[in-house]
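I opened my notebook to go through this structure piece by piece. Here is what I looked up, in the order I wrote it down.

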Amino acid sequence: MKNILTLITLFFTSITLACGGGEWYGGFYNLFKQTNISAEEFYPFLRDEYNHFYEEHYYYDANAKKVYPKGNVKLWGSILTNWTAKEIEMAVYNYPDFDWENKKSALENDVKNYLEFAQKCSEVFSHRSAVSTWDYDAALLRSEYETLDAQELVDEANTLIGTISDEQLKARYYYQIIRALHYTKNYSDAIVFFENTIENKVTKNEIYYYILDQVAGCHYSSGNYDIAAYYFTKVLNKSVDRKKSAFNSFNFCTFKNVDGAHYSKGIEDEKDLLLIRSLRDFSDEINNIKKFIALDANDARVELLFMRALSNVERDVWKTDSYEHKKELPYLKANNKHANLLQIAEKQIASGVKKKDFWRMASSYLSFVNKDLTAAKHKLKEVKTFSDQKKILNIVYEVFTWETISPENENYIHKVLLENPIKKDESAEDWRLIILDKIAHTYLNNGEIAKAFLVHNTIENTNKIQSLELLNDLEKFYLKPDKSNYEKQLLNANTTKGVDYLDYINYQKGVYYLYEQNPTQALVFFNKNKTYVGEKSIPALIFSNNIKECFDCVESEVMADEVYKAFPFITTTFSRKQLAENLIALERLRQDEKQWKVKLANYLLGNYYFNISNTGYYRGLLTSNSNCCSYSYTYNNQIKEADAIIKNKENYNLSTIFLHDKNYFDMSSVAMQYYQNTINLSTDRELNARCLYLMAKCELNRFYNVGASETFEVKENEYYTFKLPQYKSFKTLEEEYSSTDFYDMIIDECSYFKLYTAQ
C-alpha cells in the first residue's frame with residue numbers, strides 16, 4: 001500500500017486500541033469467561049487490556065506450540081478427507097520437509113503440484129514475510145522488489161489450472177494469481193481478473209476470502225477506499241483466518257472517512273457492517289446489540305457483542321482495588337448497563353434463539369451482579385451445559401450469600417480451596433481471589449479481625465502497621481480451641497516456616513510499645529518472646545546525632561556524636577529487648593543525683609527519639625527496614641493508617657493493610673522536650689547550641705508532617721520557590737549563641753540555617 005509506513009505509525013497510535021480496550025480500566029475480577037461465546041473464530045475481538053486482540057502475545061516463545069490457520073487447514077481437509085490435520089499442516093506449511101511417498105492418488109498429485117507452485121510463489125515474494133506467504137502474512141513491500149514481473153507466475157498458474165478439475169484447487173491458483181498481481185502493483189489487472197473470473201463464480205469459502213482480502217488491498221492502493229472497506233468488512237465477518245488483518249485494514253479505510261456503507265445491500269451486509277462498527281465504538285453498545293438482534297437474534301455475533309458489553313460491566317462492578325475503600329462488591333454504577341444487558345438476555349431466552357444456555361447463564365450472572373442471588377441461583381439450575389462456568393458461579397454465589405461465616409461455611413470453603421488450589425502464577429483476576437476477598441470482608445464486618453487479616457496476609461505483615469487491636473486478636477485466634485479446617489489452614493499457610501507464631505506476635509507488641517515511648521511495657525512482651533529476633537540489630541549510634549544529612553551515607557560518616565559512650569551499659573550493638581532496657585536505664589538516670597548524668601540522659605533520649613522519627617537517620621530500623629523507604633509525611637500524603645482502618649472498618653477488607661504502615665509518631669515533639677530539658681540543665685554553650693540545631697530539625701519534621709502556622713518563603717532559583725517553618729530554635733541559636741564555635745560551623749554546613757539568617 002502507498003505510504004504504508006506512515007499509515008502503520010498512525011494506526012498504532014490511534015486505532016488499534018479500539019480492539020484491545022482503549023481506555024485503561026485497571027484490575028477487575030473476570031468471573032464470566034469471555035470464551036463462553038459459541039463462535040471461536042471471533043475470539044480475537046473479545047476484550048483485552050494488554051493486547052490489540054484478545055490474548056495475542058507479541059513476544060517470542062521458542063517453546064510455544066505452532067498454531068496454523070484453522071480456516072485454511074479445515075478447507076484443505078474437505079478435499080483431503082483421508083489426511084490428518086497434522087499431515088495437512090506439514091504439507092502446506094512445511095512443504096519442503098513433507099514426505100509424499102504414500103500420497104499417490106490423482107487428487108494428491110494435483111495437490112502436490114499446487115503446493116510446489118505455491119512454494120515457488122513464496123520464494124519469489126519471500127521479502128514480504130518470514131512465514132510461508134500462502135497463509136498471507138504480508139509484510140512491508142521493499143522498494144528493491146517493486147519491479148518484479150508477475151506474468152511468468154500468472155502464465156504458469158493458468159497452465160496448471162487447465163490440468164485439474166477440483167474447484168477448490170482452481171480457487172487456490174486464482175489466489176496465487178491475484179497475489180502475484182497485487183504484490184507487483186498490477187492492481188487494475190488483479191481487480192479485472194477478480195471481477196471476470198472469480199466474483200460470483202467461486203464458492204465463498206475460506207480461500208475466497210483470502211482472495212477478497214487481496215483484492216480489497218488492490219482497491220485501497222488504487223484509491224478506491226470505500227469498496228476496499230466493504231470488502232474488508234466481508235473478510236472480517238466471513239473468514240476464519242483473516243479477521244484481524246481485515247480489521248486493521250478496515251481501520252486504514254476509515255482514515256479516508258469511508259466504511260463501505262455505500263456498497264452495503266441487504267440484511268447480511270447490514271449485519272457485517274454493524275459488527276465492525278460496533279467493534280470500533282464502545283459508546284453505543286446496548287443499542288448496537290439490540291439492532292443486531294432485530295436483524296437476526298440467532299446470529300453468533302450477537303453473543304460476541306453482548307460478551308464485550310458484559311466484560312465492560314465486569315470492569316465496573318468487580319474492580320480489584322475495592323479493598324482500598326468501603327465499596328461493596330459488586331459495585332453498581334448509575335449507568336444501569338448491567339440491567340440493560342439483563343433485559344436483553346431475558347428477551348433472548350423468551351424468543352426462539354437456538355442456543356439458550358448461553359443466555360440463561362448470562363441472565364443468571366447478571367441477576368447476581370444485580371444482587372438478586374435467589375434469581376441467580378434459580379436461573380443457573382436451568383443451564384445444562386457450560387459445566388466449568390456453572391461450577392465457578394455456584395461457588396461464588398454461595399460465598400456471596402454469607403452474612404456471617406459459620407464453621408460449616410469454613411468447611412465448605414476449605415474443601416473448595418483444596419480442590420481448586422491457587423497457584424503463585426495465577427492471574428490477579430482469578431475467581432478464587434474474589435471469594436477470598438468476600439470472605440475477608442465478611443470476617444471484618446463481623447469483627448473477626450485476625451481471620452480477616454490472615455485470609456490475605458502472613459503474620460509478618462503486621463510489621464510497621466502498629467495495630468495493637470490486630471495483634472491482640474491474632475493472639476486470641478491462635479489460642480482459640482477447636483478450630484475448623486479452614487482456620488487451621490489460615491494459621492499454617494500464613495506463618496513462615498521456622499517462625500514461632502506467638503513469639504512473633506509478642507515481639508511485634510514489644511516494637512509497638514517502643515513507638516509508644518513505653519519501654520517498660522515493651523520489655524514485658526520482649527521477655528515473653530523466646531525465639532524471634534529482628535533482622536537487623538540496633539547500633540549504639542542510635543543515641544548519636546548528625547549534622548550532615550545523608551541517608552545513603554554509612555552511619556559512621558554522619559553519626560559523629562559519641563556522648564553515649566559516657567554510659568558503659570550502652571554496648572556497640574544490641575537487640576530490641578536490650579534497647580528497651582537501655583531506654584529504661586536512661587529514664588532512671590534522669591532522676592540521678594548527679595546532674596551531668598541527668599543532662600546526658602536527656603540528651604541521648606532526645607537523639608534516640610529524633611533518630612527513629614520519619615526524618616531521622618534510623619527511621620524504619622525498629623521494624624527492621626532500611627532508612628531509605630520510610631521517608632513519608634502524613635501532611636502531604638494523608639495516607640490512611642492501618643489502625644484506623646481496622647478500628648473503623650474503613651476498607652472492604654484487609655488485603656492491603658500492610659501498605660498502610662504508620663510512619664509518623666510525632667517523635668520529634670518527644671525529642672524536642674528532651675533537648676529542652678538538656679538545655680535547662682546545661683551551662684555548656686556548645687552543647688546547648690547543638691541542641692538548638694537538633695530542635696530545629698524537630699521543628700522541620702513537624703512542619704513536613706502537620707504543617708506550620710508561620711513560614712517563610714525561600715527562592716532557590718528563578719524557577720523554584722519553597723517554604724520553611726519560622727524556626728523558634730534557629731531564632732534562639734542566632735540571637736543567643738552566635739559566638740559559639742558550633743554556630744560558625746553550622747552556618748556553613750546547614751543551608752536551611754543560612755537561608756533563615758539571610759531573611
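Entry 1: Before looking at strands, I noted the rule: two strands pair if DSSP finds at least two bridges between them. Helices (H or I, at least four residues) and strands (E, at least two) are DSSP runs, numbered from the N terminus. With that, I found strand 3 (residues 711-715) pairing with strand 4 (residues 721-725) in the antiparallel sense, over five bridges. A hairpin of five residues takes the chain from strand 3 to strand 4. Which residue of strand 4 is the bridge partner of glutamate 713? I traced it to lysine 723.

**Entry 2: what kind of model this is.** I reminded myself that this is a predicted model, where local features need pLDDT of at least 70 and side-chain atom pairs count only at pLDDT 80 or more, while totals for chains, interfaces and linings use all residues. Residues are numbered from 1 along each chain as its sequence is written, and side-chain values use heavy atoms, with hydrogens and water left out. pLDDT is the predictor's confidence in each residue, from 0 to 100. The protein averages 88, and 90% of the residues score at least 70.

Residues 1-25 are one of them, with 55 contacts (heavy atoms within 4.5 Å) beyond four places in sequence. Residues 130-145 are another, with 47 such contacts.

**Entry 3: the whole chain.** I counted up the secondary structure: 35 helices and four strands. How many of the 759 residues, as a percentage, count as buried? My note says 54%. The cut-offs are under 20% relative accessible area for buried, over 50% for exposed, and partly exposed in between (1.4 Å probe, protein chains only). Among contacts with a separation of 6 or more, 67% link residues 24 or more positions apart.

**Entry 4: the core.** I looked for nonpolar cores, meaning sets of buried Ala, Val, Leu, Ile, Met, Phe, Trp, Tyr and Cys residues joined through side-chain atoms within 4.5 Å. The largest has 239 residues, and Phe306, Trp318 and Phe543 have the most contacts inside it. Helix 32 gives the most to this core, with twelve residues.

I then zoomed in on phenylalanine 306.

Entry 5: Is asparagine 701 buried or exposed? Asparagine 701 counts as buried because its relative accessibility is 1%. Asparagine 705 has 2%, so it is buried as well.

Next I checked polar contacts (a pair of N or O atoms within 3.5 Å; within protein, one must be able to donate a hydrogen and the other to accept it, and residues adjacent in sequence count only if both atoms are side-chain atoms). The side chain of asparagine 701 makes one of 2.9 Å with the side chain of asparagine 614. The side chain of asparagine 705 also makes one with that of asparagine 614, at 2.9 Å. Beyond four places in sequence, asparagine 701 touches Phe610, Ser613, Asn614, Thr615, Tyr664 and Ser668. Asparagine 705 and aspartate 666 are 39 residues apart in sequence, yet 8.5 Å apart in space, C-alpha to C-alpha.

**Entry 6: helix 3.** In helix 3 (residues 70-77), I listed Gly71, Asn72, Val73, Leu75 and Trp76 as buried. What covers them includes helix 4 (85-93), helix 5 (106-124), helix 7 (167-183) and helix 9 (206-221).

Entry 7: I found a cis peptide bond from leucine 329 to proline 330, with omega near 0°. Proline 330 lies in the loop between helix 14 (300-317) and helix 15 (337-350).

Lysine 464 is not a glycine, but has a positive phi of about 80°. Lysine 464 is in the loop between helix 21 and helix 22, and counts as partly exposed because its relative accessibility is 26%.

Aspartate 482 has a positive phi too, near 55°. Its loop runs between helix 22 and helix 23 (485-493). With a relative accessible area of 76%, aspartate 482 is exposed.
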